[in-house]
Amino acid sequence: MIKDMIEKELQELKKLWQNKRQLLFQILNLAMIVFSALMIWKSLMFLTKSESPVVVVLSGSMEPAFQRGDILFLNNAVEEVGVGDVVVFKIKDRDIPIVHRILKVHTKPDGVTVELLTKGDNNRVDDRGLYAPGQLWLEREDILGKSVGVLRYVGMVTIALNDYPVLKYVLVGMMGLFVLTSKEG
């Protein structure tokens, strides 16, 4: 069954290769899909003032509030964050952002500078051990956004694709093939 499906798609691809006009149309169609997704992402970045408006929870450190695989929607347009807010922050020289709750807010004597201490709900100690060496507090600039919404378990697809990179390439290849060989009604 799968073999027949692959053979059928390959036949469609051969037909498409012979019809250059249809091939160009399908390539433009694929490009429109990719650029539309990029425009939506950039619009979300602009509206939320966050470099990552959507993140996936990668560990169980925030259970029971958030499970591994939950998708969080972030908003960094909010200037004030307080104790109890769930934030996503990035540590210098680390690629992966961390989702944890604000445990303490420390305002410096100047009244402007705010320092934050975070902790995962499921962790026994605060996050000072995760911060950069010598760093005791997070600054507001380290925060990527405050969590404003969640989609439960939908991010497990992302985790699976990162755990098994071959699966990612197979799926992207199949999607590209289907877009190229699909016929417009």
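This briefing covers helix packing, ring contacts, backbone geometry and selected residues of the structure above. The model is predicted: local features need pLDDT of at least 70, side-chain atom pairs count only at pLDDT 80 or more, and totals for chains, interfaces and linings use all residues. Residues are numbered from 1 along each chain as its sequence is written, and side-chain values use heavy atoms, with hydrogens and water left out. Helices (H or I, at least four residues) and strands (E, at least two) are DSSP runs, numbered from the N terminus.

**Helix packing**

- Two packed helices are described by the angle between their axes and the distance between the axes.
- Axes here are lines fitted to C-alpha atoms, for helices over the stretch in contact, and angles run from 0 to 180 degrees between N-to-C directions.
- The axes of helix α1 (residues 2-18) and helix α2 (residues 20-48) cross at roughly 110 degrees and come within 5 Å.
- Helices α1 and α2 are therefore roughly perpendicular to each other. Angles under 35 degrees count as roughly parallel, over 145 as roughly antiparallel, 65 to 115 as roughly perpendicular and the rest as oblique.
- Helix α1 makes this contact (heavy atoms within 4.5 Å) through Leu-16, Trp-17 and Gln-18. Helix α2 contributes Lys-20, Gln-22, Leu-23 and Gln-26.
- The residues of the α1 contact with α2 divide into three nonpolar, three polar and one charged. Ala, Val, Leu, Ile, Met, Phe, Trp, Tyr, Cys and Pro count as nonpolar, Asp, Glu, Lys and Arg as charged, and the others, Gly among them, as polar.
- Helix α3 (residues 156-163) packs against α4 at an angle of about 110 degrees, with the axes 4 Å apart.
- That makes α3 roughly perpendicular to α4.
- On the α3 side the contact uses Leu-161, Asn-162 and Asp-163. On the α4 side it uses Pro-165, Leu-167, Lys-168 and Leu-171.
- The residues of the α3 contact with α4 split into four nonpolar, one polar and two charged.

**Aromatic rings and charges**

- A pair of aromatic rings is described by the distance of the centres and the angle of the planes.
- Rings of Phe, Tyr and Trp (its six-membered ring) pair if their centres lie within 6.5 Å; planes under 30 degrees apart count as stacked, over 60 as edge-to-face and the rest as tilted.
- By this rule there is one aromatic pair. Phe-89 and Tyr-131 form an edge-to-face pair, 6.1 Å centre to centre, with 80 degrees between the planes.
- The pair links distant parts of the chain, 42 residues apart. Phe-89 is in strand β3 (residues 86-89), and Tyr-131 is in the loop between β5 (114-119) and β6 (138-139).
- Both Phe-89 and Tyr-131 are buried. Buried means under 20% relative accessible area, exposed over 50%, partly exposed in between (1.4 Å probe, protein chains only).
- A charge sits over a ring if NZ of Lys or CZ of Arg is within 6 Å of the ring centre and within 35 degrees of the ring normal.
- Lys-20 lies over the face of Trp-17, at 3.9 Å from the ring centre.
- Arg-128 lies over the face of Trp-137, at 4.9 Å from the ring centre.

**Backbone geometry**

- Most residues other than glycine have a negative phi, and most peptide bonds are trans.
- The peptide bond from Glu-63 to Pro-64 is cis, with omega near 5 degrees. Pro-64 sits in the loop between β1 (54-56) and β2 (71-75).
- Lys-49 is not a glycine, yet its phi is positive, near 55 degrees. Lys-49 lies in the loop between α2 and β1 and counts as exposed, at 56% relative accessibility.
- Asp-93, also not a glycine, has a positive phi of about 70 degrees. Asp-93 lies in the loop between β3 and β4 (98-107) and is exposed, with a relative accessible area of 82%.

**Selected residues**

- Ser-147 is in strand β7 (residues 143-151). Ser-147 is buried, at 17% relative accessible area.
- Beyond neighbours within four places in sequence, Ser-147 is in contact with Phe-66, Leu-72, Phe-73, Leu-74 and Val-86.
- Lys-104 is in strand β4. Lys-104 counts as partly exposed, at 48% relative accessibility.
- Lys-104 and Leu-117 are 13 residues apart in sequence, and their C-alpha atoms are 5.0 Å apart in space.
- Not counting residues up to four places away in sequence, Lys-104 touches Val-83, Glu-115, Leu-116, Leu-117 and Trp-137.
- Gly-173 is in helix α4 (residues 165-181) and counts as partly exposed, at 42% relative accessibility.
- The C-alpha atoms of Gly-173 and Gly-111 are separated by 54 Å, and the two residues are 62 residues apart along the chain.
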